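Subject: A structure to look through

Dear colleague,

I am handing over the structure below, and I would be glad if you read it alongside the notes that follow. Please keep the model open as you go, so that each residue can be found when it is mentioned.

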Amino acid sequence: MTDKTEQPLSATTFEPAPASNEAGGPPPEGEQSRAIYIGLGVGVVLLGFVFFVLPALVSTDPTGTNPTVDASADAAASTEVAASTAGTLPKVATQGTEGRSPFADAQESALRRDAQEVLQALLSLQESLDERGAARWGEPTYSEALARAAAGDAAYRERDFVAATAEYQRALDQLQGLEQTLPERIDALHSELIAAIESGEVLAAQARFAALAEMAPTDIRLIALEDRLLALPAVIAALESAGDAETAGDLSAAVAAARTATGADPDHKRAAARLSELTAKLTQAQFTDAMTVGYGAMAGSAFDAAETAFRKAGRLIPGAPEPAAALVELDQARTQAKLLALKDQGALAEREERWPDAVELYEQALAIDALILFATEGVARSQPRAELDARLEKIPEERDRLIDARILRLAEETLAEATALANPGPRLQGQIAAAEATISYANTPIATTLSSDGLTDITLLRVKRLGTLTERTLSLRPGVYTAVGMRTGYRDVRVTFEVRPNQNNAVEIRCAEAI
């Protein structure tokens, strides 16, 4: 369909039909001449239209391969119409249509129109497919369709409109078949383009993008694909950097580079997979480091630091069994270390004769583990000594109360219990000495003189009733005493006095205030 040929138009001769008179007689000579002249004039006008005006109105295929109107056929049809209209044309003007009928002409015109309709659809589809690059992706079907169209042109020029229509229709069917494969081809090309982008083949991706843009210029996906294609060099460079960093063992830098790649093209599946892979590796490395730090800290009894490390590992990989098991082990180690510390502290408190502290430490251990042996034995050992320690400490503090025989007896019993202990420590020895000195002091009587008016009845509390006296000397142990004086008609008196060695121990007691 490449030759550009125009059908030459030629004049068609006409033979005038014999004139007839409806009345059966020859028309008048003047009227017959006028009819002839009118017919000749119309014929001349029509011939001029056919030869000079009609060729300019006839359109041909712009490529020269597909005629759209047969000029000679139109000229013949116009001539025939003129001949039928002017039945009195000269015989010489009707020779070109001799042997043809209006019905045959009408059939030929109908066949030509059928051919032209199919041809018009063929031309429209061929133009659309050509714009979409069918000459490249539609072979050999596209060339075969053009060849059939050329065969249709040849038949058309030979005025074999049936054959032309058939060839045009076959060509149209082939092109329509190509058109029906467009969605599949577009999807396949789109997949190839995506694959080229994912594999980092820039040139292949660019070529496929150009082909897709030509094949489906209105495809909305082209907008995003163009952005991805522009970002492809940056994605490739970032992925290469990620690989280099991973090889060097710098997983943090590798993850950052992979994240740059996904930022440049969020839809890049390979970049996303690489980021996920590197992130998992980095997380695993951080997890391992955290667990290692935790166990190291636990071995060094840095339990708080170990717990922090183990909990960090648990946050890095939620649900991982290792951190949970490590925390259980840490709790056990922490408890064991606490018990050992309490044991050591309790033993130290015993050595230093801090018996109340020892008891408290062992009781703390029993609160952790009620069956722990060292704590049970420690309490049994330390509790009596703590009680003895408390009693020994009170003896010097309550020296003045030792005037009470019962209290003095208890102090003497406590001293006896302390002196019975083997291997007393420095603290116990000091307590025993202090208790002995206090008891000795309390047991040394001191002469004390009490004087009165002989009328006041005197009672020395916790000692005895003395009655009335003017003066009396008593042998009293050191301490604080209280004397009560009573006399009828007088207000009672109460006198508190101390009895100490190396002082004047004289006390006057009398009721002098009358009631």
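Ser452 touches Ile458, Leu469, Thr470, Ile509 and Arg510, where residues up to four places away in sequence are not counted and where contact means heavy atoms within 4.5 Å. This serine lies in the loop between strand 1 (446-451) and strand 2 (457-460), and Ser452 is buried, with a relative accessible area of 7%. The word buried stands for under 20% relative accessible area, exposed for over 50%, and partly exposed for what is in between, using a 1.4 Å probe and protein chains only. The side chain of Ser452 also has a polar atom 2.6 Å from the backbone oxygen of Ile509, and a polar contact of 3.2 Å links the side chains of Ser452 and Asp453. A polar contact is a pair of N or O atoms within 3.5 Å; within protein, one must be able to donate a hydrogen and the other to accept it, and residues adjacent in sequence count only if both atoms are side-chain atoms.

Before going further, please note that this is a predicted model, in which local features need pLDDT of at least 70 and side-chain atom pairs count only at pLDDT 80 or more, while totals for chains, interfaces and linings use all residues. Residues are numbered from 1 along each chain as its sequence is written, and side-chain values use heavy atoms, with hydrogens and water left out.

As for the whole, the protein chain has 17 helices and seven strands, which are DSSP runs numbered from the N terminus (helices are H or I with at least four residues, strands are E with at least two). Of its 515 residues, 36% count as buried. Among the contacts in the protein chain with a separation of 6 or more, 62% are between residues 24 or more positions apart.

Next comes a pair of helices. Helix 9 (residues 221-247) and helix 11 (residues 269-299) pack at an angle of about 20 degrees, and their axes are 11 Å apart; the axes are lines fitted to C-alpha atoms, for helices over the stretch in contact, and angles run from 0 to 180 degrees between N-to-C directions. That angle makes helix 9 roughly parallel to helix 11, a label for angles under 35 degrees. The contact is made by Val235, Leu239, Ala242, Gly243 and Glu246 of helix 9, together with Arg270, Ala271, Arg274, Leu278 and Lys281 of helix 11.

Asn423 has a positive phi of about 50 degrees although it is not a glycine; Asn423 lies in the loop between helix 16 (405-419) and helix 17 (426-442), and is exposed, with a relative accessible area of 76%. Asn502, which is not a glycine either, has a positive phi of about 60 degrees. It lies in the loop between strand 6 (493-499) and strand 7 (506-508), and at 85% relative accessibility Asn502 counts as exposed. The peptide bond from Glu139 to Pro140 is cis, with omega near 0 degrees, and Pro140 lies in the loop between helix 4 (134-137) and helix 5 (141-157).

Technical notes:
Parallel < 35°, antiparallel > 145°, perpendicular 65-115°, else oblique.
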